[in-house]
Amino acid sequence: MPTCSLKLHVSNRSTAFTGSAVAALKQHAARRMAGGAVLLGLLGLAAMLSVALGARNVGWAEITAALSGQVDTMGDAAVASRLPRTLLAMLAGAALGVSGGVMQGLTRNPLADPGLLGVNAGAALAVVIGIAWFGIAETQRYIWTAIAGAAVAACAVYAIASLGRGGATPLRLALAGAAITAALSSLTTAVVLPRGDIGGLVQSWMVGGVGGATYDQLLPVLPFLAAGFIISLLAARKLNMLALGDDTAAGLGEKVAVARAMSAVGAVLLCGPITAVCGPIGFVGLVVPHACRLLAGSDYRWLLPFSALGGAVLLTFSDVAGRMVAHPAELDVGIVTAFVGAPVFIWIVRNRKVGSL
Amino acid sequence: MSASSLLAQDLVAGYGERTILDGVSLKVPAGHTTAIVGANACGKSTLLRVLARLLTPAKGGVLLNGKDVHQLPSRRLAQQLGFLPQSPIAPEGISVLELVSRGRHPHQGLFKRWSAADEAAVADALAATHMSELAERHVDELSGGQRQRVWIAMALAQQTDVLLLDEPTTFLDINHQVDVLDLLTDLNRERGTTIVMVLHELNLAARYADQLVAMAGGKVYAVGPPEKILTEAMVRDVFGLQSRVIEDPITGKPMMIPLGRHGGR
């Protein structure tokens with residue numbers, strides 16, 4: 001056993017350390033840059049395909065024409081209508097990816113996804129009640145109703161998890177989330193079942209899709225998403241601390257309750273509005289952060305931006321795939337992500353040390 | 001780095017209705033190593049948590065260099081006082097370098113870039129714990145003893161005058177236990193870091209600590225140098241164990257030999 005001496009050769013050792021560690025850091029940084037570049041390239045490709053492909057496939061000329069504002073041919077019109085859809089797919093994917101990453105960080109649960117805090121179930125119940133009892137039909141009203149429902153559900157989950165000593169621990173958040181989700185889902189069923197007249201309407205919302213998106217749907221969610229992205233990125237350092245365990249985080253000067261609440265607000269602001277517009281889209285928030293960990297490492301300051309890119313890529317490609325598979329009809333993107341996500345999910349559970357996030 | 005002292009006054013603390021610490025006062029002298037010993041559930045970890053401000057006492061307070069720790073902003077406190085819990089969590093796939101770097105958290109702001117001082121502190125912490133060579137390795141791949149060194153390196157990178165450790169040797173083989181305690185002693189001697197740790201192993205506590213704190217039933221049973229504290233009477237009262245205490249032939253410190261029912265020759 002070598003005896004430890006702090007005085008001896010510290011400067012020499014730190015030079016040696018600096019050399020090798022800097023090399024390692026550069027290597028990591030290079031890999032990250034390459035990964036980021038690939039994701040950006042994929043995103044560009046996905047966006048192009050999303051604009052070009054569908055019931056009517058269009059060519060370059062029509063795309064550039066439509067992008068410059070001309071709508072002369074059917075192709076131009078198709079492109080113009082696919083633009084907001086593509087934007088929504090990218091935004092939704094990015095929001096769900098980041099939201100999932102934040103949720104996994106704040107609960108230290110690798111299987112957490114944005115629905116964990118009851119957000120999806122809350123949004124769904126609110127929309128269903130709105131449709132069934134108050135006859136709402138306009139998109140704008142949907143969105144506000146769903147956001148309100150999501151917020152109320154998330155607050156309820158958080159409040160229940162905070163009861164008793166120790167505050168909102170990861171386990172309690174997961175349990176309270178599961179309980180509230182189950183309760184809200186049965187309420188939703190109870191509201192819908194006796195109302196055959198609204199079944200179809202509710203069903204189409206529940207599947208989750210970006211088809212038929214318009215700028216009118218897109219605009220109201222933008223402020224929420226902007227706030228959500230900013231808060232989540234500001235919380236990234238705090239998530240790095242929470243990842244070491246609550247006690248270690250507190251020992252390093254982080255206020256654990258504040259860190260957790262702030263991250264939760266960021267995650268809900270991202271996934272609530274997206275759920276409102278698209279319906280619940282599963283698996284993106286679960287799978288994307290895991291895949292991105294391979295590229296970005298465990299530092300949330302990198303992981304969250306990567307998850308935004310990765311989520312946008314996955315959802316946009318899934319949407320395009322949904323249009324291809326059932327051509328000329330369409331498969332909703334929520335169904336496609338489930339097909340992609342389920343195998344990845346199983347792979348995660350089988351191959352990774354679940355629980356050691 | 002100047003030595004810092006900790007003072008706990010009339011602490012009453014617990015979880016919910018359950019009182020665990022019942023009137024604990026303790027002076028931790030600056031620049032010394034203090035080990036807290038006692039039977040399970042005697043309140044030793046709770047005392048450490050209150051000292052680290054992880055738990056707010058119902059009554060009493062903790063003074064760090066004469067200032068109430070509950071009045072200090074958490075970042076300021078974390079610049080002066082480090083805490084290593086019993087089972088910290090290493091995120092999957094994190095490298096040694098990255099984990100140790102996180103010890104710089106209280107010295108960084110939201111927009112403050114990684115500085116030369118941060119770099120030097122991390123390099124120094126890795127060198128002091130002999131982890132420089134392994135800086136790029138994943139923490140998951142290390143042995144239990146190496147992993148504990150990484151956590152201590154992280155606490156070192158925090159560069160605090162006071163370091164609190166909750167059972168830093170649990171789950172380690174005896175050679176690694178001695179290794180960790182040697183390392184902490186080096187820290188204490190060469191940097192003047194005030195160390196307070198909860199230890200399970202009575203003989204190691206007596207050997208490495210300047211001051212022993214024996215706790216029983218949520219109160220301090222006795223405080224003082226190991227020679228005064230580790231006695232057959234203390235072992236009987238605190239642990240309910242019959243023992244013989246002899247002089248350790250190597251260091252001259254007291255050494256406890258449990259008698260048990262099959263102790264006879």
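## Reading a two-chain model

Mentor: Let's start at one residue, His105(B), which sits in the loop joining α3 (96-101) to α4 (116-128) in chain B. Keep in mind that this is a predicted model.

Trainee: Okay! Is His105(B) buried or exposed?

Mentor: You count neighbours to decide that: 20 or more other C-beta atoms within 10 Å makes a residue buried. His105(B) has 23 C-beta neighbours inside 10 Å, so it counts as buried.

Trainee: And which residues is His105(B) in contact with, leaving aside its neighbours within four places in sequence?

Mentor: The contacts are Met241(A), Leu252(A) and Gly253(A). Look at the chain letter there: those three partners belong to chain A, while His105(B) belongs to chain B.

Trainee: How far apart in space are His105(B) and Gln158(B)?

Mentor: Their C-alpha atoms are 7.6 Å apart, although 53 residues separate them in sequence. Now try Val102(A) and Cys155(A), also 53 residues apart along their chain: there the C-alpha atoms are separated by 16 Å.

Trainee: Let's stay with Val102(A), then. Where is Val102(A) found?

Mentor: In helix α3 of chain A, which runs over residues 74-107.

Trainee: Could we do one more residue, back in chain B? Where is the place of Val100(B)?

Mentor: Val100(B) lies in helix α3 of chain B. With 30 other C-beta atoms within 10 Å, Val100(B) is buried too. Leaving out residues up to four places away, Val100(B) touches Val122(B), Ala125(B), Leu126(B), Val150(B), Ala153(B), Met154(B) and Ala157(B).

Trainee: Let's zoom out. How many helices and strands are there in chain B?

Mentor: Chain B has nine helices and twelve strands. Chain A comes to 14 helices and zero strands.

Trainee: How much of each chain is buried?

Mentor: Buried residues make up 48% of the 265 residues in chain B, and 50% of the 357 residues in chain A.

Trainee: What does the radius of gyration say about chain B?

Mentor: The idea is to compare it with what a compact globule would have. For 265 residues that would be near 18 Å, and chain B has 19 Å, which agrees. Its C-alpha atoms fill a box of roughly 60 × 45 × 35 Å along the principal axes.

Trainee: What about contacts between residues at least 6 apart in sequence?

Mentor: You ask what share of them join residues at least 24 apart. In chain B that share is 66%, and in chain A it is 76%.

Trainee: Which UniProt annotation covers residues 6-242 of chain B?

Mentor: The record, an unreviewed entry, says "domain: ABC transporter". In this model that span is 36% helix and 26% strand, and its end C-alpha atoms lie 33 Å apart.

Trainee: And how is chain A divided into domains?

Mentor: Into domain 1 (111-279) and domain 2 (281-352). The C-alpha centres of these two domains of chain A lie 19 Å apart. Where they meet, 18 residues of domain 1 are in contact with 14 residues of domain 2. On the domain 1 side, α8 (215-234), α9 (236-242) and α11 (256-278) of chain A each supply at least two residues. α9(A) gives the most, with four residues. That side of domain 1 divides into ten nonpolar, six polar and two charged residues.

Trainee: Last one: how should I treat the predictor's confidence?

Mentor: Where pLDDT is low, the predicted coordinates should not be read in detail. Chain B averages a pLDDT of 90, and 98% of its residues score at least 70. For the complex, the predictor gives an ipTM of 0.88 and a pTM of 0.85.

How values were computed. Residues numbered from 1 in each chain as written. Chains lettered and ligands numbered in written order. Predicted model: local features only at pLDDT ≥ 70, side-chain atom pairs only at ≥ 80, totals over all residues. Rg over C-alpha atoms; globule rule 2.2 N^0.38 Å. Buried ≥ 20, exposed ≤ 12 C-beta atoms within 10 Å, placed from the backbone. Contact = placed C-beta atoms within 7 Å. UniProt positions renumbered as here; feature names shortened; annotations may be inferred. pLDDT = per-residue confidence, 0-100. Domains from an automatic or database assignment. Nonpolar A, V, L, I, M, F, W, Y, C, P; charged D, E, K, R; others polar.
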